[in-house]
Amino acid sequence: MKARIVGTGSYLPEKILTNFDIEKMVDTSHDWIVTRTGIEERRISAADEDTSDLAVKAAQRALDMAGVSADEVDLIVMGTVTGDYPWPATACLVQAKLGAKKAFAYDISAACSGFLFALSCADDFLSHGRGKKALVIGAEVFSRAIDWTDRNTCVLFGDGAGAVLLEAQEGDSGVLSSHLHSDGSHFEMLYQPGFGTRNPPSFEGLEARLTFLRMQGNEVYKFAVRSLTEVSKEALNAHGFSSEDVGLFIPHQANLRILEATVKRLKFKAGQYFVNVNKYGNTSAATIPIAIDEANRGGLLKEGDLVLMASFGGGFTWGGTLLRW
Ligand code: UT7
């Protein structure tokens with residue numbers, strides 16, 4: 001029994017924020033951002049649009065593609081670190097809004113690796129017979145978790161959501177394996193300082209800046225290229241495959257330079273890997289499911305193709321998943 005993707009969906013908020021718009025907000029330029037990151041524009045949620053709203057739209061599109069109704073879904077696993085509330089899990093809000101009455105739902109906190117960590121959980125449930133249909137979602141509203149006066153970080157992120165519907169099926173298609181890793185010794189290189197138990201909110205000194213993402217960009221960059229490369233090789237080696245066997249490589253879309261350095265090391269050819277970071281920036285846990293949906297609807301995924309996905313993120317966390325489309 002394998003967990004096979006039978007529907008994909010994504011949702012990007014309507015509002016586009018270009019690099020030229022950001023030039024008016026902080027000391028930066030379109031050329032600097034494009035040269036260093038490849039990002040040209042990103043999407044920003046409307047004031048009344050929360051992470052759960054983005055997730056519901058993406059998930060509904062995945063359900064519609066599969067012709068499955070929400071009340072048939074057994075579980076919902078969602079990667080996010082920008083949920084509507086610190087708790088309950090945003091996946092629970094999504095469960096209620098979709099009307100997925102019989103589904104149990106929970107969030108995975110693995111930053112940009114959240115979708116692949118969530119996919120691995122859902123795959124384990126389905127391949128062990130604990131449910132037949134699972135929604136796996138990556139959704140983030142990072143625009144509300146970054147400091148719009150900090151040019152080092154505000155140019156990088158965007159909002160969005162992607163979802164896949166997994167179904168337990170006999171046959172060769174589906175998830176082949178997931179390879180997940182964490183190293184918490186570097187957590188301060190990419191994290192949100194407030195408001196957990198370390199820096200709780202207080203009436204005296206409620207420090208809004210603590211809720212903004214903090215990052216040591218250079219260190220994250222080096223870690224990203226290394227971890228994406230190693231975990232991709234690990235996933236391929238586990239099945240005796242090489243880069244040439246891969247139909248489409250879908251890496252986490254954080255930065256075009258990271259992506260190009262990785263595909264060069266892995267010897268992927270042009271057209272063998274997916275890029276959309278120019279349009280949406282880094283949407284964290286949402287980049288991979290948005291990319292899957294765009295690739296699927298764009299006709300880039302054919303039955304039997306080998307698809308390799310790889311991610312890295314705060315924690316640090318990193319993962320690679322290989323599947324047969
Ligand atoms: O999912 C994981 C999320 N995080 C990431 O993916 C981030 C990974 N890191 C990166 O993508 C890169 O490190 C950055 C794009 C963040 C920065 O690029 P870099 O080539 O590593 O630049 P840098 O940090 O070495 O900074 C070079 C200069 C600095 O000025 P000084 O100190 O040399 O005078 C920065 O202050 O660029 C300056 N700078 C900017 N200048 C114009 C930083 N941000 C900007 C900006 N516009 N937006």
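Visitor: Let's start with Asp-159. Buried or exposed?
Guide: Asp-159 is buried, with a relative accessible area of 0%. Keep in mind that this is a predicted model.

Visitor: Where does Asp-159 sit?
Guide: Asp-159 is in strand β7, which covers residues 159-169.

Visitor: OK, salt bridges. How many are there in the whole structure?
Guide: A search of the whole structure turns up 11 salt bridges. One of them pairs Asp-53 with Lys-97, with the closest N and O atoms 2.8 Å apart.

Visitor: Which helices does that pair link?
Guide: Asp-53 belongs to helix α3 (residues 51-66) and Lys-97 to helix α4 (residues 90-98). The two are 44 residues apart, so the pair links distant parts of the chain. Asp-53 is partly exposed at 21% relative accessible area, and Lys-97 is partly exposed too, at 46%.

Visitor: What does Lys-102 pair with?
Guide: Lys-102 forms a salt bridge with Asp-74, and their closest N and O atoms are 3.3 Å apart. Lys-102 is in the loop between α4 and β5 (104-108), while Asp-74 is in the loop between α3 and β4 (75-79), so the bridge ties together parts that are 28 residues apart in sequence. Asp-74 is buried, with a relative accessible area of 15%.

Visitor: And Arg-297, what's the partner there?
Guide: Asp-293, with 2.7 Å between the closest N and O atoms. Both residues lie in helix α10 (residues 287-297), 4 residues apart, which is about one turn of the helix.

Visitor: What about α10 as a whole, how many of its residues are buried?
Guide: 9 of the 11 residues of α10 are buried, so the helix is largely enclosed by the rest of the structure. Among the buried ones are Ile-288, Pro-289, Ile-290 and Ile-292. Just after α10, Gly-299 takes a positive phi of about 75°.

Visitor: Switching to cysteines. How many disulfides?
Guide: The structure holds 0 disulfides.

Visitor: Now the backbone. Where are the cis peptide bonds?
Guide: One joins Gly-194 and Phe-195, with omega about -5°. Another runs from Gly-315 to Phe-316, with omega near -10°. Phe-195 is in the loop between β9 (190-191) and β10 (214-215), and Phe-316 is in the loop between β12 (306-313) and β13 (317-324).

Visitor: Why flag those at all?
Guide: Because most peptide bonds are trans, and most residues other than glycine have a negative phi.

Visitor: Which residues other than glycine have a positive phi, then?
Guide: They include Ala-111, with phi near 50°, and Lys-267, with phi near 60°. Ala-111 is in the loop between β5 and α5 and is buried, at 15% relative accessible area. Lys-267 is in the loop between α8 and α9 (277-280) and is exposed, at 66%.

Visitor: What else is Lys-267 part of?
Guide: A patch of positive charge on the surface, where Lys-267 gathers with Lys-233, Lys-264 and Arg-265. Arg-265 lies in helix α8 (residues 256-266) and is partly exposed, with a relative accessible area of 49%.

Visitor: Last one, His-128. Buried or exposed?
Guide: His-128 is exposed, with a relative accessible area of 62%. You'll find His-128 in the loop between α5 (114-127) and β6 (133-141). His-128 and Val-73 are 55 residues apart in sequence and 16 Å apart in space, C-alpha to C-alpha.

Note on methods: Residues are numbered from 1 along each chain as its sequence is written. This is a predicted model: local features need pLDDT of at least 70, side-chain atom pairs count only at pLDDT 80 or more; totals for chains, interfaces and linings use all residues. Side-chain values use heavy atoms; hydrogens and water are left out. Patches are made of residues with over 30% relative accessible area and no salt bridge: like charges are joined within 9 Å, nonpolar side chains (Val, Leu, Ile, Met, Phe, Trp, Tyr) within 5 Å. Accessible areas come from the Shrake-Rupley method with a 1.4 Å probe; for residues, only the protein chains shown count as cover. A salt bridge is a side-chain nitrogen of Lys or Arg within 4 Å of a carboxyl oxygen of Asp or Glu. Lys and Arg count as positive and Asp and Glu as negative; His and the chain ends are not counted. The place of a charge is taken as NZ of Lys, CZ of Arg, CG of Asp or CD of Glu. Buried means under 20% relative accessible area, exposed over 50%, partly exposed in between (1.4 Å probe, protein chains only). A disulfide is a pair of cysteine sulfur atoms within 2.5 Å.
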